[in-house]
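Visitor: I've got a structure open and I'm a bit lost. Could you walk me through how to read it?

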Amino acid sequence: MSDKKSAVLLCTCGKQLGLSFDLLESELKKNNLTTSVTVEDLVCQEEGLAKIASLLAENEGRLVIAACTSQKIQPRIIQYLKDRGIDGTQIQYVNIREHSAWVHSDVDEATKKSLDMIRGTLARSATSVQLVPETKEIGNHVSVIGGGIAGIEAALSLSNLGYHVTLMEISDQLGGHVKHLPLVAPTGKSGVEILSGRLESVEKDSKITILTKTKVKFVTGEMGDFTIHYTAEDNTSELTLKTSAVVMAMGFKEFEPIGMEEYRYGKNPDVITQFQLSRMLTEGTLARPSDGGAVKEVVMVQCVGSRSEDYKRDCSKICCTFAIDNSLEILKQIPDAKVRVVYMDIRVPFENELVYKESREVGVDYIRGRISMVWEQEGKTRVKIYDSLMDEYLEVPSDLLVLSTAILPPDGVFALSETLGYAIEDDGHIKELYGKLRRNETRRRGVVAVGAVTRPQFVSESITDAQAGALILHNELQGGKIQAIMRGAVLNVDDCVGCSLCAQQCPRGVPLMIEQIDAEEESEDQKILFKAAIDTLNCHSCGVCQSLCPSGATQLNFLSNNQMWSEIEATLEGAGADNPVTLCFYCEECAVSTIDIAGTLKMEYPASTRLIPVPCAGRVSIIDILKAFEGGASSVMIAACETDRCHVGGTGNEIAQVQVDVARDILNAIGWKGERVDMFRMFSAEPERFTTAISEMVRRAREFGPTPVHTGTAGKWMEVGK
Amino acid sequence: MSNPVLIIGAGVAGMTAAVELADSGIKTVLVERLSTTGGNALNLYKAFPTDDCFYCFEGNRWRPGIRKCFYRSALTEQPNIDLKMNSQVEEISGLPGNFSVKLDIGPQYVDPKKCTMCGLCIEKSKAFSLVSPQCQPQAVVYDPEIEDTGTTSAAEECPTKAINLDAKSTKKIISVSDIVIATGYHEMQPVNVDEYGYGTHPNIITQLELARILDPLGETKGVLLRPSDGKPAKRVMMVQCVGSRDENYYAYCSKICCVFALKHAAILTQDHEDVEVSVVYMDIRTYDRYEKYYRDTRNAGVEYIRGRVSRIEPQDDGSLDIIVFDSLLNKYLKFSVDIFVLSSALEPSAGSSQIISSLGLKSASGFIGAINPETEVVVGNRIYACGSALGPSEVPESVTQARAVVSKILQSKE
Ligand SMILES: Cc1cc2nc3c(=O)[nH]c(=O)nc-3n(C[C@H](O)[C@H](O)[C@H](O)COP(=O)(O)OP(=O)(O)OC[C@H]3O[C@@H](n4cnc5c(N)ncnc54)[C@H](O)[C@@H]3O)c2cc1C
Ligand code: SF4
Ligand code: SF4
Ligand code: SF4
Ligand code: SF4
Ligand code: SF4
């Protein structure tokens, strides 16, 4: 594409920026990529916004705005333009305030830096393309896998939001664990009470189809076009169902303490799990399983299989409350029973503490310690308990020994992840997109997880989850008509060589490898059996696929390889042995805030630095890094976020780390100092992480001196490029 | 035009609800008592479970990325959000679908849409300040109590004429269809809990105060210093359940204080040099994956003492001697510490009881109670609540609840 000229709009921030605008204006006027240079005092106010509109009209949408952080003005500008029906998708922003004027007190240096960054951005702008809105119609059908309380609530919520829902349950009836709970804290109700109204609603709802005895085998496709492969009751052949999104609501599984010799579970019938006790209490069949005898002495053991290095390391959260509820229920049914609870810590959140207190008042005995032995004597179970507060052993009889066993992820979560593409947490539950804010979304677009399949949860939390999950899908599916700006990766299928790197590494599982049916026609050795397919509307615009693609087949439509390379070259114009420059690629989702906050706090750092924004650190390829050195950079850094904290919701930062490591190896191999390139992790709560990092890279630039490019001893890099 | 939705409180819960509703095309009025949104989150530095910054939430559904810091959340730019800062709800009457709400809207000394944070006024007068670089709206605030000679020239020279020193508060009556209560929590000031001597010695502080000390954006720039004399602090003792699980104050468990105490213990032992931490507790309640903080801090050498604090003796050198009864060892132990941190109860924020009584809602130990406890977020007829307004909660829960509220509102409108 040929280079087009852009207008430049410079903002003085109410004449408050320590920059020489005269110099910027005169220098930029000389640049052959500019049509005009305008200096405004307040781009963010009415007059400035109007100026933006007129410059866009005069320059076919090509405009470079040099002002404060785009994080703040961009939303305002977009809103202003949107209200007036003007396209602003090609505007490029340069931050000359937080990233330059506010952090460099030397006006000349700051001006020079600003000029370089604007020049670079002009080069990026020169080959930008307009991004157009797109509409996609999809079926407004959602499938819910799992018919427990979370699945039922999700189905009802989605139906209320206008979707058709298929609720798929593996057992022969809906209700999951909840229907067996005699008492659900803190509601004071039984599980059946909580369920009944909801069950009635799902059954009456004409938009909800219930499939019981249904097992989901695997799922193909992507958001808007999934196909669920399942088997139904009495039907061994596989059935399929088209759906636009999937709710994972498969609940949890109770740990079976078979291997735990010390409790004699499985050997002694009077040793049961807390959930088995719940069933007995609900069904009114509380008795000794061994002989049907009356239950007078009950010992409960907490944390069985939880908080243990041998089994599950974490706490199962609900079993303390569960045990207390059941103790109260036992005393209700058999007032003269003796209940002892052996525990490490009693963990009952908020008002459940009041229930805990109530249970102590009615005589439940809490013993901090552990079980040291269980044995049978004359047909009776006996338990020896170590009381760590009294530092003594006590021996008690037990009609029922109840184990509060760990809450584990349900079967099948892992198997489905292979085709549904969500990630799995260390503990086997479905992994959330981002722990603090995105608990119900998964890595895969169009797949949400609600209820205990994500973590042990109380009933009320599962219901909240389900309601929230329904909203998340509603946001995505927009009632079946998805409207969005086409911003993201665009694939040129002809260039694809079928390596599948994009499909393997896309943090959000967007590229699919599609079998090429007509591949047979080509000659045997050139045959490409699979090629990628990328739906730009599903893409999260990180650019990871682009940085990995060996053939340049997939590229972001707002930051192509050519745009990036020309920006690097133009930014580094003038960099050299006596003008050592540190180039920093920063992620526009995470590191940008750290750098902005350093700016707002006016934390000084060296002005020999130049900054280039990328949508995700993973967009920076080895070639981009080498191009920076070729352009004259003395050191190069990538500013990104911490492991597992990727703002695109994936592993873009880890991909970037790999690129940096490889680039470093290449540099070392050809006799450069590999430490000229590095990657740093940061978040905005600790702005000094950025200033420390960039100062270190400036130090290295100085310490290592001129690069082989500067001294003219390096070969050209073209062979590494295309 | 249908009535907008009223959201009371702009912490993470209220902000999330507002943005989600706005993105779904529903007008909202977001009323916040203070001069910046963010609520408690603005002052808490690092957050569990992700151990990165506290100040982020979902900025706007149509922007890329899965989260945005407060400063770039563009709340003031979203056409469907009417943000009312320094404001309070005075009275609510009327019926569901058409509530009549009387607002007391505080004086707008600085127009948040005009202020560019250029800093000119701050240089001229002490009355202007930046609450936090993460504040939202991104604007300076003016304190009319501080009078100095610079205020008028600041107002005159402000490049955007953002300042109006004569601004007055106004009253306004609006009609709203639904009400979302997101008024959050308050950390109890443990002044009355005599045994811990809060207020009697500068080195006895609460967890929130410790968070400020640990925060690189705070006064000490993240360096652990003794409040009494600014000397480096090396020995920290925390005591759990201050005012919680205690009939004299709050009978409930504040649910998250164990986790944030341990989060602080982890920061102290992992990010700071040679700091010793001990924690006095009854039960350590680190649910689910938060157990990791318990494991990690024990491995990092944090000492856990099951028992209770029985006496505090201030020493001349600024340190404190703490006598602890260890219920496992069944004996008294003496510790010398630099900072004594109280994990104080989380209580309903001021005004919760009025909201409860004026709207006829249920109370859950003073927090907003659900009609049916299993449906947490529905607290009345077209009245919802989310976040710590419902009881002590962590951020992930608060935002999930906010989404559930929006889901319920949209469901009722479909
Ligand atoms: C020391 C400490 C550490 C913590 N650490 C973590 C952590 O690491 N991770 C985590 O997830 N959680 C943590 N939390 C909990 C976290 O702070 C809360 O979950 C979260 O801030 C709750 O958000 P919210 O919006 O519900 O309430 P708040 O943040 O309290 O916000 C409520 C807002 O409403 C306003 N308001 C109140 N009443 C009115 C009214 N009547 N009219 C108008 N406005 C009103 C308030 O001014 C405030 O802005 C911690 C808490 C403490 C005390
Ligand atoms: S909830 Fe209680 S019983 Fe369950 S794992 Fe946690 S501490 Fe143990
Ligand atoms: S990375 Fe490039 S070449 Fe490889 S499959 Fe993807 S688009 Fe095709
Ligand atoms: S840009 Fe990122 S999200 Fe989009 S397809 Fe490529 S790797 Fe996936
Ligand atoms: S002078 Fe005006 S624009 Fe600048 S910070 Fe103060 S109020 Fe804001
Ligand atoms: S969370 Fe921990 S410190 Fe807080 S009240 Fe509960 S037990 Fe006590």
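Predicted model: local features only at pLDDT ≥ 70, side-chain atom pairs only at ≥ 80, totals over all residues.

Visitor: How many residues surround ligand 3, and which are the closest?

Guide: There are 13 residues around ligand 3, and the closest are A:Cys496, A:Cys499, A:Ser500, A:Cys502 and A:Cys549. Cys counts as nonpolar in this scheme, so remember that when you read the class counts.

Visitor: What about ligand 2? Which residues surround it?

Guide: Its neighbours include A:Cys303, A:Cys315, A:Cys319 and A:Cys320, and also A:Arg307, A:Lys317, A:Asp345 and A:Arg347. Two elements of chain A give two or more residues to this shell: strand 15 (297-304) and helix 9 (319-333). By class, the shell around ligand 2 has five nonpolar, three polar and four charged residues.

Visitor: Okay, let's zoom out. How is chain A divided into domains?

Guide: The domain assignment lists domain 1 (1-131), domain 2 (141-252 + 409-481), domain 3 (255-406), domain 4 (486-554) and domain 5 (572-711). Look at how domain 2 is written: two stretches of sequence, 141-252 and 409-481, belong to it.

Visitor: How do I read a contact between two domains?

Guide: Start with who takes part, then look at the buried area, then at the individual pairs. Take domain 1 and domain 5 of chain A, whose C-alpha centres lie 23 Å apart. Domain 1 of chain A puts 17 residues into the contact and domain 5 of chain A puts in 21.

Visitor: How much area do domain 1 and domain 5 of chain A bury between them?

Guide: About 1700 Å², with 48% of it on carbon and sulfur atoms. On the side of domain 1 of chain A, the trio A:His99, A:Trp102 and A:Val103 supplies 32% of the area buried against domain 5 of chain A, more than any other three residues.

Visitor: And how many salt bridges cross the interface of domain 1 and domain 5 of chain A?

Guide: The rule finds two salt bridges there. As for pairs you can look up, A:Glu573 and A:Arg119 form a salt bridge, with their closest N and O atoms 3.8 Å apart. The cut-off for a salt bridge is 4 Å, so that pair makes the list. Across the interface of domain 1 and domain 5 of chain A there are also nine residue pairs in polar contact. On the domain 1 side, helix 5 of chain A gives the largest share, seven residues.

Visitor: Now the two chains. How many residues does each give to the contact?

Guide: Chain A gives 96 residues and chain B gives 95. The area buried between chain A and chain B is about 7900 Å², and carbon and sulfur atoms give 53% of that. A:Phe350, A:Lys436 and A:Leu437 supply 11% of what chain A buries against chain B, more than any other three residues.

Visitor: How many salt bridges and polar contacts are there between the chains?

Guide: Between chain A and chain B the count is twelve salt bridges. One to find on screen is A:Arg76 with B:Glu77, at 3.0 Å from N to O. Polar contacts between the chains come to 52 residue pairs. Helix 12 of chain A gives the most to the side that touches chain B, with twelve residues. By class, that side has 36 nonpolar, 25 polar and 35 charged residues.

Visitor: Why would I care where in the sequence the partners of a salt bridge sit?

Guide: It shows you which parts of the chain meet. A:Asp644 forms a salt bridge with A:Lys431, the closest N and O atoms being 3.0 Å apart. A:Asp644 is in the loop between strand 30 and helix 18 of chain A, while A:Lys431 is in the loop between helix 11 and strand 22 of chain A, so the pair ties together parts that are 213 residues apart in sequence.

Terms used
Residues numbered from 1 in each chain as written. Chains lettered and ligands numbered in written order. Heavy atoms only, no water. Near = heavy atom within 4 Å. Domains from an automatic or database assignment. Contact = heavy atoms within 4.5 Å. Buried area = accessible area lost by both parts, 1.4 Å probe. Salt bridge = Lys/Arg side-chain N within 4 Å of Asp/Glu carboxyl O. Polar contact = N/O pair within 3.5 Å; in protein donor to acceptor, adjacent residues only side chain to side chain. Helix = DSSP H or I, 4+ residues; strand = E, 2+ residues; numbered from the N terminus.
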